[in-house]
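Here's a quick briefing to read alongside the sequence and the 3D view. Keep the viewer open and look up each residue as it comes along.

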Amino acid sequence: MPEPLVLTSDAGAVRTLSLNRPAALNSFTTEMHGELMAALDLAAGDPQVRCLVLTGAGRAFCAGQDLADPSVAPDPAPGAAPKDLGHVISAYYAPLVARLRSMPVPVVAAVNGVAAGAGANIALCCDLVVAGRSASFIQAFTRIGLVPDTGGTWLLPRLVGSARALGMAMLGDKLPAEEAARIGLIWQCVDDAALPETAAALASKLATMPTRALVATRQAMAAAQGLDLDAALAEEARIQREMGNANDYREGVEAFRAKRAPVFKDR
């Protein structure tokens, strides 16, 4: 049996998914898309999972799309029909972004090496991104005559502003993890040796927190980007009404009053 293209491991309430094509820097094929989506769906449906970590096996996080994959490799034959890259985005990358952004638990990206093209933007789709110091982020699309995809055109301006986003997207230069943290593209940069422990500790902390409220926070902030202040305030009131009726709110208040650690269970 071939080795899985996505490895799964559990530690308490934290599930880790590792992209597993290390010889190809974990670049995407249609088969790996299928395995990752299946693994994400399983995690979403498992009530024991309260936080998810996404990382890469070997020396890279993800180098983006494998350009040798038949779904995208241009046919060199004269007069051959061009590949429909729009279909590849619609069929594979758009559903992957939607799945990550709709996970019912917080998602941590542990970027252990290069994150290029779609690989960079998959990491940025996660809720919190922690990277090793030797890691880098590259919007490599223009190098092969393409534009940012996998949510890049939506994510980058919101994370770092339009000027930096356009510069990153047009120039396609390597952005070291330390600089990515400095400009607010990612949450944290740590020494390479500390990355696994840091990501695990962060995920373990998130797993003890009120999962439903964490996910609602992600959703509220994303929604607010397209709203004016009055509409954002109304959306906050709607979500807060929902949160106030949940068990975790009652547990949080009771724990606060009793001066004990809360035990959150909602998901």
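This is a predicted model: local features need pLDDT of at least 70, side-chain atom pairs count only at pLDDT 80 or more; totals for chains, interfaces and linings use all residues.

**Helix 2 and helix 3**

- Start with helix 2 (residues 85-101), whose axis comes within 9 Å of the axis of helix 3, with a crossing of roughly 20°.
- An angle under 35 degrees counts as roughly parallel, so helix 2 is roughly parallel to helix 3.
- The crossing of helix 2 and helix 3 is right-handed.
- On the helix 2 side, the contact is made by Tyr93, Leu96, Val97, Leu100 and Arg101, and they meet Ala118, Ile122 and Cys125 of helix 3.
- Sort the residues of this contact of helix 2 with helix 3 by class and you get seven nonpolar, no polar and one charged.
- How many of the eight residues of helix 3 (residues 118-125) are buried? Eight of the eight are, so this helix is mostly covered.
- Those buried residues of helix 3 are Ala118, Gly119, Ala120, Asn121, Ile122, Ala123, Leu124 and Cys125.

**Leucine 100, a residue of helix 2**

- Leucine 100 sits in helix 2, and it is buried, with a relative accessible area of 3%.
- Leaving aside residues up to four places away in sequence, leucine 100 touches Leu40, Val107, Ile122, Cys125 and Arg218.

**Helix 4 and helix 5**

- Helix 4 (residues 152-160) and helix 5 (residues 162-171) have axes that come within 7 Å and cross at roughly 135°.
- That angle makes helix 4 oblique to helix 5.
- Leu156, Pro157 and Val160 of helix 4 make the contact with Ser162, Arg164, Ala165 and Met168 of helix 5.
- The contact of helix 4 with helix 5 has five nonpolar residues, one polar and one charged.

**Helix 8 and helix 9**

- The axes of helix 8 (residues 211-224) and helix 9 (residues 229-244) come within 10 Å, crossing at roughly 165°.
- Angles over 145 degrees count as roughly antiparallel, so helix 8 is roughly antiparallel to helix 9.
- The crossing of helix 8 and helix 9 is right-handed.
- Helix 8 brings Arg212, Ala213, Ala216, Ala220 and Ala224 to the contact, while helix 9 brings Ala232, Ile239, Glu242 and Met243.
- Seven nonpolar, no polar and two charged residues make up the contact of helix 8 with helix 9.

**Nonpolar cores**

- The largest nonpolar core has 50 residues, and the ones with the most contacts inside it are Phe28, Leu36, Val111, Phe137 and Leu185.
- What does leucine 185 touch? Not counting residues up to four places away in sequence, leucine 185 touches Leu124, Phe137, Leu156, Leu159, Val160, Met168, Leu175 and Ala180.
- There's also a second, separate core of 13 residues, with Val53, Val108, Leu195 and Ala199 among them.

**The loop between strand 8 and helix 4**

- Aspartate 149 is found in the loop between strand 8 (136-138) and helix 4.
- Is aspartate 149 buried or exposed? Buried means under 20% relative accessible area, so aspartate 149, at 19%, counts as buried.
- Setting aside residues up to four places away in sequence, aspartate 149 touches Ile89, Ala118, Asn121 and Phe141.
- The C-alpha atoms of aspartate 149 and asparagine 121 are separated by 7.8 Å, and these residues are 28 apart along the chain.
- Threonine 150 is placed in the loop between strand 8 and helix 4, and at 3% relative accessibility it counts as buried.
- Check the backbone of threonine 150: phi is near 55°, a positive value in a residue other than glycine.

**Lysine 259**

- Lysine 259 has a positive phi of about 55°, although it is not a glycine.
- Where is lysine 259? Look in the segment after helix 10 (247-258).
- Lysine 259 is exposed, with a relative accessible area of 77%.

Definitions and conventions:
Residues are numbered from 1 along each chain as its sequence is written. Side-chain values use heavy atoms; hydrogens and water are left out. Axes are lines fitted to C-alpha atoms, for helices over the stretch in contact, and angles run from 0 to 180 degrees between N-to-C directions. Helices (H or I, at least four residues) and strands (E, at least two) are DSSP runs, numbered from the N terminus. Angles under 35 degrees count as roughly parallel, over 145 as roughly antiparallel, 65 to 115 as roughly perpendicular and the rest as oblique. A crossing is left-handed if the near helix is turned anticlockwise from the far one by less than a right angle, and right-handed if clockwise. Contact means heavy atoms within 4.5 Å. Ala, Val, Leu, Ile, Met, Phe, Trp, Tyr, Cys and Pro count as nonpolar, Asp, Glu, Lys and Arg as charged, and the others, Gly among them, as polar. A nonpolar core is a set of buried Ala, Val, Leu, Ile, Met, Phe, Trp, Tyr and Cys residues joined through side-chain atoms within 4.5 Å. Buried means under 20% relative accessible area, exposed over 50%, partly exposed in between (1.4 Å probe, protein chains only).
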